[in-house]
Amino acid sequence: MSATVSLNVPTPHGPRTVSLAYARVGSGEPLLLLHGIGHHRQAWDPIIDILAAERDVIAVDLPGCGESPALPDGLAHDLPTMNAALGALCEELELERPHVAGNSLGGLLALDLGRAKLVRSVTALAPAGFWSPVERRYAFGLLQAMRQAARSMPLPVVERLSRTAAGRTVLTSTIYARPGRRSPEAVVAETLALANAEGFTETLKVGGSVQFTDDIPGLPVTVAWGTRDRILVRRQGIRAKHIIPRARLVRLPGCGHVPMNDDPALVARVVLDGSR
């Protein structure tokens, strides 16, 4: 089931209406899935059926991504606002402290939900926020280049490239270690999602000052990193382990920045184990 819901989100200036699109499938304990910047909820498609066999899975389009519109004027795409919106979604869907798994920006949001004790476990796949200044500038430059390429490429060119493994490598090798495994339709859709993400620029602007520095005591936390991550290099996982010493740090051999496509069975097992 997919739907879009309008939420009353508390802000320092009073409640505002925020709309979020999501898909829901499966049964069991609730599991919220959060994607990265400029992506969409379909990033989780390679593993969602595996997860749904054991969990009530809710995959969300973050504000300004996928089918979710950007936040209303005057609201920043920052951690407090984004997580207030996600908290309102959980309340609307009657999800009492769900498990949460996130990738990249979604991993940072998942950790922040854990810090606020709004969830019962956190699995963060290559989460943002553990970078050095140099690593952050490198990552942001790469993301901006990807966005510019997606916006400047005519749709017929994207569709033609997507039909071959070599073309899919051109389009998505920055985020996937095994881009040839992605379907042509998925590659076209996520290229368009990156090009059309209304919240991309504002989210990146706010992200320049983000650094995750707090432990998350009393909550199961898993941090997983692909060995072939080209955006957020894997040594950031060691920093995450130092900051959250009780976290389980997992290596994802042969996986890139968005590992769900590269090794679906392994990543699904990491998420399910993290939510037990």
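## Strand β3 and its partners

Strand β3 is joined to strand β5 (residues 99-103) by four bridges, and these two strands run parallel; strands are counted as paired if DSSP finds at least two bridges between them. Within this pairing, Leu31 stands opposite His99 in β5. Helices (H or I, at least four residues) and strands (E, at least two) are DSSP runs, numbered from the N terminus.

Strand β3 (residues 29-34) also pairs with strand β4 (residues 55-61), in the parallel sense and over six bridges. From β3 the chain passes through helix α1 (residues 45-52) on the way to β4, in a β-α-β crossover that is right-handed, a term used if, with the strands pointing away from the viewer, the path from the first strand over the helix to the second runs clockwise. Glu29 has Arg55 of β4 as its bridge partner.

## About the model

This is a predicted model, in which local features need pLDDT of at least 70 and side-chain atom pairs count only at pLDDT 80 or more, while totals for chains, interfaces and linings use all residues. Residues are numbered from 1 along each chain as its sequence is written, and side-chain values use heavy atoms, with hydrogens and water left out.

## Burial of β3 and Thr191

Five of the six residues of β3 are buried, which leaves the strand mostly covered; buried means under 20% relative accessible area, exposed over 50%, and partly exposed in between (1.4 Å probe, protein chains only). Thr191, which lies in helix α7 (residues 184-196), is buried because its relative accessible area is 8%.
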